[in-house]
Every structure is written in structure tokens, then in C-alpha cells.
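Subject: Structure handover

Hello,

Here is the structure I promised to pass on. Please open it before you read further.

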Amino acid sequence: MTAQLLSCTKVTRRFGGVVALDGMDLHLEEGRVLGLIGPNGSGKTTFFNVLTGIFPATSGEVEFAGKRITDLRPQEVYRTGIARTFQRSRLCLPLSIFDNLMIGNHQRLDHRLWFNLVRRGALARQVEEARADAIELLRTFDEPLASRLGDPVARVPMIDRRRIEICRALISRPQLLLLDEPSAGMTHEETQRLMDDLLLVKRRMARLTIILIEHEMSVIERITDRCVVLNYGRKIAEGTYGEVARDPLVRQAYLGLE
Amino acid sequence: MSRARGALAAAAIAAALALYAWTFLRAESQQALGVLVVLGVAGGVVATRTRVLDRLPAVPERVSQAFALLAVAALCLALRQDDFELLLVARVLIVVIACLGLHIQLGYAGVLNFAGASFFGVGGYTAAVLSRATGLPHLIVLLVGGAMAAAIGTLIVVPVLRTRGHYAALITIAFALLFRTFLEVNDALGGPQGLKLREIRIGPWRFNDPVEVGPFDGSFYVNYLALLLILLAIAWIFVQRLERSWIGIDLDAVRLDETAAAAFGLDIARWKTVAFTLGNFLLGVAGAVSAHMVGFIAPNNYSFGESLVLVSILLLGGVGNPWGVALASAIIVVLPEKLQVLQEYRFLLFAAMVVLILIFRPVGLLPRQMRRLEGLRGRT
């Protein structure tokens with residue numbers, strides 16, 4: 001039995017009169033891949049936003065790696081080892097691929113004024129190290145992408161933007177990776193390729209824990225160990241994909257079956 | 001080989017621009033000036049359309065910067081006896097330094113500051129008070145002018161941080177109006193009549209004495225121009241190093257997407273404050289030099305309209321590109337002074353330019369270049 005990495009107890013988030021997340025309980029062990037599914041507006045992304053401190057929980061407790069992170073600001077949550085992607089790509093389009101990855105690499109870089117403005121030699125060395133690191137990570141995903149480090153993100157196709165977003169989250173070596181619908185806006189075949197990449201990454205970083213929001217059921221079936229189904233902000237089912245797919249409540253609420 | 005050719009081409013361009021500037025500044029008749037303006041615009045359009053500048057062999061940026069510096073220095077020497085023309089060049093350099101400050105704020109961190117002239121004025125008034133009341137060395141006075149502008153900037157940084165976009169800009173407008181009213185009613189600072197300042201003195205170097213070095217003699221403005229060129233070179237290197245560093249990426253990330261930046265640990269408030277403070281520092285230093293050079297300051301010099309002019313220079317030049325700032329400063333400062341028909345309609349001209357640029361070339365005359373952090377070692 002491995003230790004709990006993430007424990008959420010009765011996490012609730014209200015927006016005015018709307019209860020976006022209602023008493024969510026979730027426990028996750030290190031190294032697992034958890035799928036988070038449910039219809040639109042069921043609270044999946046809200047759950048990510050609460051975890052990462054963008055919208056603090058109205059009530060409830062979140063514990064991560066033995067530390068209470070309930071009321072931390074997004075910056076502090078990132079430093080505890082949680083990194084995420086966004087449903088709608090939030091890369092900085094005019095910046096290069098390298099610059100975008102370095103935004104994710106923030107906590108490992110030296111941001112002091114003196115270091116950046118005066119100690120240019122030391123800065124150049126840090127840039128070279130970070131660059132080697134970025135190339136190595138990108139290669140895991142896509143060999144050609146690693147050679148385009150200086151290109152603006154605006155010039156690469158959608159699937160590569162997803163890869164860059166995932167790399168931006170991975171480059172700080174987080175313990176927990178939150179993926180918000182990585183297949184959004186991609187073709188079926190592109191989604192399959194992206195999932196191949198993810199499985200590869202998971203094999204290389206065995207201790208990495210992932211929570212994945214996804215509408216594409218084939219993806220959920222293929223890469224998750226366990227699923228949680230949300231509806232109207234409440235958890236209505238939990239189990240392996242096979243189990244939840246057979247659950248009558250889930251079939252009614254989400255899969256649209258009798 | 002291609003490197004030598006590139007350097008040669010850069011030198012030729014710098015020389016041609018210096019020659020153009022010299023002809024323009026010396027030209028008296030309005031017809032000749034009109035022809036020069038048309039030539040300049042046509043040259044710019046042809047260069048943009050044919051992408052001739054992109055096709056030239058690349059030169060290290062240090063080389064083009066050195067040539068630009070030499071070109072301005074040569075221009076000043078060629079004009080050494082012409083007080084009015086030298087004053088114009090000096091004002092251009094002051095405005096470039098000031099706008100580099102705004103450029104850090106708006107171009108990098110995305111903080112729109114409509115109180116540029118006010119922080120410029122803080123530097124000027126600080127210099128006036130200090131050099132009247134104390135015997136502080138003038139170089140220190142200039143730096144204190146910048147520091148004072150930065151410090152007063154921190155007074156409004158809190159409301160600026162708590163608001164976003166237009167609302168933050170409104171706070172700077174409020175400050176600009178407040179600042180001017182404060183100057184007008186404050187008798188200790190001369191009220192509406194303003195204050196007089198002495199020349200700058202650095203050791204034995206008296207800035208209001210004509211320059212005489214051997215057979216060479218020139219106007220006293222040459223002193224100020226030499227100082228301004230040094231300050232500009234320092235400010236330029238500072239701004240470029242800032243951009244080409246992790247901090248440059250931080251500022252860009254804050255400007256482009258605050259939510260994503262926060263999710264990756266960037267402290268939004270910290271970086272906005274850093275950019276705002278550094279920018280105000282440059283504005284303050286420029287204001288202090290300007291006050292000493294002109295010898296007189298009054299609230300009217302620091303109106304909200306002047307702040308708008310500074311922002312329009314950024315829009316015209318291309319937000320985020322220091323070369324664009326330099327080009328646009330030259331155009332905005334020199335054009336209305338030389339073309340007398342325009343003088344009355346100065347603000348109308350700026351407004352028309354901004355509208356035209358936003359319609360036809362929203363990225364500005366010289367748009368921002370991609371950052372290349374790789375290979376930093378060889379270039380710094």
C-alpha cells in the first residue's frame with residue numbers, strides 16, 4: 001500500500017448561488033493515473049482550479065504530499081509540486097517554444113535582478129543547462145519539435161501546442177500533473193498519438209501521478225487506472241473504467257444511455 | 001566575409017541616416033523639408049515592402065548599436081555650432097531615455113502608464129530642489145531624481161496592482177492630474193511659475209560653458225549631448241539585458257496571461273512592481289537631465305497631454321522594440337519643430353499618426369523581435 005499523495009475531503013466551491021463543486025472526496029496514491037469524467041459544467045475544471053488555488057475552496061480540506069494546501073495561492077501550490085495544463089491552450093503565442101517551457105520551469109531558475117542583469121556569464125550557463133533539459137524533454141514527445149525550440153508557438157500546429165503545454169507542466173518535475181482535456185480540438189488520430197506520448201512519459205517517470213479530464217472515452221479506458229465521475233458538482237461514481245461504465249447512474253447522466 | 005559585408009552595410013545605413021538627419025535639421029525652407037519628409041516616408045515604405053533590411057547579412061547587434069552611437073555622435077559634431085538643432089537632438093535623446101522607461105512598463109510587463117510626464121516631472125523637480133538646496137554632486141542628483149520617481153511610483157503601485165487593464169490605466173491618469181494640481185498649488189515648488197535650475201557641473205566640467213578642445217569649439221549643448229549619449233547607452237544596455245534574461249520571460253508571461261503565469265509560480269505583483277519601478281526610474285533620470293538642460297521647470301511642462309505624447313511614441317515605434325522607440329521619438333520631437341505649419345496642430349498630428357499606425361501597421365514602425373536566449377554567451 002503506497003501512501004496517499006492527494007486527499008480531498010468535502011471540498012466545496014460556490015459561485016454565488018451555484019454550487020460548482022459539492023462535497024468532493026478524493027484520495028489518490030502516488031504513481032496512479034486518475035480519470036475525471038462527467039458532462040459539461042459538472043465541476044471538473046472547477047476541481048482543478050480549486051486544487052491549484054485559482055479559485056480557493058469555499059469549504060473542505062485539500063492535503064497534498066502530507067501538507068495542507070487548501071488556501072494556498074497558485075504560486076505556492078506550484079511550488080509544492082502540482083503543475084497543470086488548461087482546457088483552452090494558454091501558451092504565450094508570440095513567445096518561442098523555449099520561452100514557454102521556461103515559464104513552466106520557473107522555480108528552477110534564478111530570477112534575481114543582479115543575477116540576470118550583471119552576472120551574464122552565469123546566466124548564459126543556466127540558459128544552456130535549461131536548454132539541454134528542454135530538448136531532452138521535448139524529444140520524449142516529438143523529435144522534430146526539439147529542433148524548433150526557437151520558433152514562436154503561434155507557428156506550430158495544435159497537436160504540438162498540446163505537447164508543449166504538457167512539457168511546460170512537466171519540466172518543473174511535478175509530483176502531480178493535472179491535464180485538462182488534452183484531446184480538445186484534436187482529431188481522433190492526433191489524440192491517439194498524444195496518448196502514445198503520454199504513456200511513454202508515464203513509463204519513464206513511474207512515480208508521476210496524473211489526473212486527467214477527458215471526454216474521449218477511449219483515452220480514459222486506455223490510460224487510467226481509476227475514474228471518478230462528476231455530475232452537478234457531485235461525485236456519482238468511482239472505480240475502474242469498466243466499473244463506472246456499467247454504473248446505471250453514470251450511463252444515465254453522462255453516457256446518454258438508458 | 002558575409003560578416004564584414006554586413007558590418008559595411010550597417011555602417012552605410014547609419015551614415016545615410018545621420019546624413020538625412022543632418023540635412024533635415026539644417027533645412028530651412030518649408031518646401032525642402034516637405035520634400036525630405038516625402039523622401040523619408042518613401043524610403044521607409046520601400047524598405048518595408050522589399051524587406052531589404054532582412055536580406056542584408058546579419059550583424060551582431062553590438063555592431064549596429066556601435067554604429068548608431070557613432071552616427072549620433074557624428075551628427076552632434078557636424079552641428080556643433082547650431083544651438084537650436086543641437087537642442088532638438090538633445091530633446092530626442094531625453095525622450096528616448098524616458099520612453100525606454102515606458103517601454104519596460106508597457107512593452108514588457110503590459111502596465112499602461114499614462115503618467116509618464118508626471119514621473120519625468122518628479123525627476124525634474126527633485127533635481128531642482130536638490131541642486132538649489134544642497135551641494136550634492138550633480139551625477140548623484142540625477143540618480144536621486146530617478147530614485148524619487150521610482151519611490152513615488154510605489155505610492156500608486158498598490159491600486160495599479162489591484163486593478164487590471166483600463167482600470168489600472170485610469171489610476172495613472174488620476175495620478176497625472178493630481179500631480180499637476182499639486183505642483184500648481186505648492187508654493188515651495190514655485191507654484192504655477194515653476195523653478196529655475198543651474199547648469200550641471202561634474203567636477204571641473206561646467207555644462208553651460210562652450211566646448212573648446214584645441215582647435216575644436218562647439219556649443220554648450222555638446223556637453224549635455226555627451227552626457228545624454230552615455231546615459232542612453234547605459235539605459236539601452238540595461239533594457240536589452242532585462243529583456244534577454246529570465247526576467248524578460250517573466251515580464252512577458254505576466255503581460256500575456258496572468259492566470260497561466262500564476263499557475264507556474266510567477267508572482268504577478270512582484271514583476272509588475274519591478275517593471276513599474278524600473279521604468280519610472282528611467283523616466284525620472286531623463287526628467288532630471290532635461291530640467292537642468294532647459295534651466296527652468298513649471299507644471300505646464302508635465303501635463304497629461306505630454307504623457308499621451310510619450311505613450312503615442314511607443315505605439316508609433318512598435319511596442320516592445322527599443323529601436324522603434326528611438327525612431328518614433330525622433331519623428332515626434334523633430335517634425336513639429338521643423339514644419340512650422342504643424343506647430344499649432346502638434347497634438348492633432350500625433351493623434352492622426354497614432355490612428356493611422358493603428359489602422360495600417362498595428363505592430364508599429366519597427367515591430368518587436370523574437371527573443372533569442374540561446375547562445376547568450378557570445379553576445380551578452
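This is a predicted model: local features need pLDDT of at least 70, side-chain atom pairs count only at pLDDT 80 or more; totals for chains, interfaces and linings use all residues.

**The open sheet of chain A**

Chain A has an open sheet of four strands. The order is E2-E1-E4-E5, with antiparallel pairing. Strand E2 (18-29) and strand E5 (67-68) of chain A are the edges, and each pairs on one side only. Strand E1 (residues 4-15) of chain A is joined to E2(A) by eight bridges, and the two run antiparallel. To find the pairing on screen, look for Val11(A): its bridge partner in E2(A) is Met24(A). Helix H1 (residues 44-51) of chain A packs on this sheet. H1(A) touches E1, E2 and strand E4 (59-64) of chain A, and its direction makes about 70 degrees with that of E2(A).

Next, go to strand E3 (residues 33-37) of chain A. Is it covered, or is it open? E3(A) is mostly covered, with five of its five residues buried. In a regular strand, side chains alternate between the two faces of the sheet. Here Val33(A), Gly35(A) and Ile37(A) point one way, while Leu34(A) and Leu36(A) point the other. All of them are buried.

Which strands does E3(A) pair with? One is strand E8 (residues 209-213) of chain A, which runs parallel to E3(A) and is joined to it by four bridges. Gly35(A) stands opposite Leu212(A) there. Another is strand E9 (residues 226-231) of chain A, again parallel and again over four bridges. In this pairing Leu36(A) faces Val228(A), and Ile37(A) stands opposite Val229(A).

E9(A) is mostly covered too: five of its six residues are buried. E9(A) also pairs with strand E10 (residues 234-239) of chain A, in the antiparallel sense and over five bridges. Val229(A) has Ala237(A) as its bridge partner in E10(A). E9(A) and E10(A) form a hairpin with two residues between them. In the turn, Tyr232(A) has a positive phi of about 50 degrees.

Most residues other than glycine have a negative phi. Two loop residues are worth a look here.

- Arg173(A) has a positive phi of about 55 degrees, although it is not a glycine. Its place is the loop between helix H7 (158-170) and strand E7 (176-180) of chain A. Arg173(A) is partly exposed, with 14 other C-beta atoms within 10 Å.
- Glu181(A) is not a glycine either, and has a positive phi of about 50 degrees. Glu181(A) lies in the loop between E7 and helix H8 (188-204) of chain A. Is Glu181(A) buried or exposed? With 21 other C-beta atoms within 10 Å, Glu181(A) is buried, because 20 or more count as buried.

**Helices of chain B**

Start with helix H14 (residues 322-338) of chain B. At 1.5 Å a residue, its 17 residues should span 24 Å. The end C-alpha atoms are 24 Å apart, which agrees. Its buried residues include Pro322(B), Leu327(B) and Val333(B). The buried residues of H14(B) pack against helix H5 (83-108), H9, helix H13 (304-317) and helix H16 (346-360) of chain B.

H13(B) also meets helix H6 (residues 116-133) of chain B. Their axes come within 6 Å and cross at roughly 110 degrees. H6(B) and H13(B) are therefore roughly perpendicular to each other. H6(B) brings Gly116(B), Ala117(B) and Ser118(B) to the contact, and H13(B) brings Glu306(B), Ser307(B), Leu310(B) and Val311(B). By class, the contact has three nonpolar, three polar and one charged residues.

One more residue: Ala174(B) sits in helix H8 (residues 165-185) of chain B. Ala174(B) is partly exposed, with 14 other C-beta atoms within 10 Å. From Ala174(B) to Ile156(B) is 18 residues in sequence and 10.0 Å in space, C-alpha to C-alpha.

**Where the chains meet**

The contact takes 31 residues from chain A and 29 residues from chain B. On the side of chain B, the elements that give two or more residues are helix H9 (221-243), helix H10 (246-256), helix H11 (258-263) and helix H17 (376-379). H10(B) gives the most, with seven residues. The residues on this side of chain B divide into 16 nonpolar, four polar and nine charged.

Best wishes

Notes:
Residues are numbered from 1 along each chain as its sequence is written. Chains are lettered from A and ligands numbered from 1 in the order in which they are written. Two residues are in contact if their C-beta atoms, placed from the backbone, lie within 7 Å. Ala, Val, Leu, Ile, Met, Phe, Trp, Tyr, Cys and Pro count as nonpolar, Asp, Glu, Lys and Arg as charged, and the others, Gly among them, as polar. A residue is buried if 20 or more other C-beta atoms lie within 10 Å of its own, exposed if 12 or fewer, and partly exposed in between; C-beta atoms are placed from the backbone. Two strands pair if DSSP finds at least two bridges between them. The expected span of a helix is 1.5 Å times one less than its number of residues. Axes are lines fitted to C-alpha atoms, for helices over the stretch in contact, and angles run from 0 to 180 degrees between N-to-C directions. Angles under 35 degrees count as roughly parallel, over 145 as roughly antiparallel, 65 to 115 as roughly perpendicular and the rest as oblique.
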